[in-house]
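Please walk me through this protein chain, from its overall build down to one of its helices.

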Amino acid sequence: MDDYNRGAHFKYSMKVHLIFVTKYRKRVFNNEVRVCDVKKFLYDISKKFNYIVIQMETDQDHVHILLEYCPNTLVSDIVKQLKQYSTYQMWKYHEHFLSKQYWKHRKLWSDGYFACSIGQASQNVIEKYIQNQG
């Protein structure tokens, strides 16, 4: 068998490497509880929308995610869903800390993001790169 998914009339392997940076490059993920929470929230929302998180890791001011998705989904929609949900949840559980960082503006992520589609040949390289973050 190959490593491709199948739809009714198509076969695909859609994987994207995403990087989200915290607003103002604040070192939000310098605490194990916040690291675990942001990962959990990103996994939760990914599961809800049927995205498969292959690998995820944080550094103090950013997160790397390698995920698989269906071809009828826009990467910009994935980013919007992940960032909105994780911001909402992080503020819900870490308001005291975040309000000191962001002056009570409900921010977590910078406006931009990095996205790069990957092919099968480079997946292992990207996975190892993400595993070595932080």
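Of the 134 residues in the chain, 44% count as buried (under 20% relative accessible area, with over 50% called exposed and partly exposed in between; 1.4 Å probe, protein chains only). The model is predicted: local features need pLDDT of at least 70 and side-chain atom pairs pLDDT 80 or more, while totals for chains, interfaces and linings use all residues. Numbering starts from 1 along each chain as its sequence is written, and side-chain values use heavy atoms, with hydrogens and water left out.

Read from the N terminus, their order is β-β-β-α-β-β-α-β-α. The radius of gyration, taken over C-alpha atoms, is 15 Å, close to the 14 Å of the globule rule (2.2 Å times the number of residues to the power 0.38) for 134 residues, so the chain is as compact as a globular protein of that length. Among contacts (heavy atoms within 4.5 Å) with a separation of 6 or more, 69% join residues 24 or more positions apart.

Helix α3 spans residues 123-131, and its buried residues are Gln123, Ile126, Glu127 and Ile130. These cover an arc of only 100° around the axis (from the directions to the C-beta atoms), which puts them on the same side of α3. In general, an α-helix has 3.6 residues a turn, so residues three or four places apart point the same way. The buried residues of α3 pack against β3 (15-21), β4 (52-59) and β5 (62-68). On the face turned away from that buried side, α3 carries the exposed residues Asn124, Val125 and Lys128.

Technical notes: Helix = DSSP H or I, 4+ residues; strand = E, 2+ residues; numbered from the N terminus.
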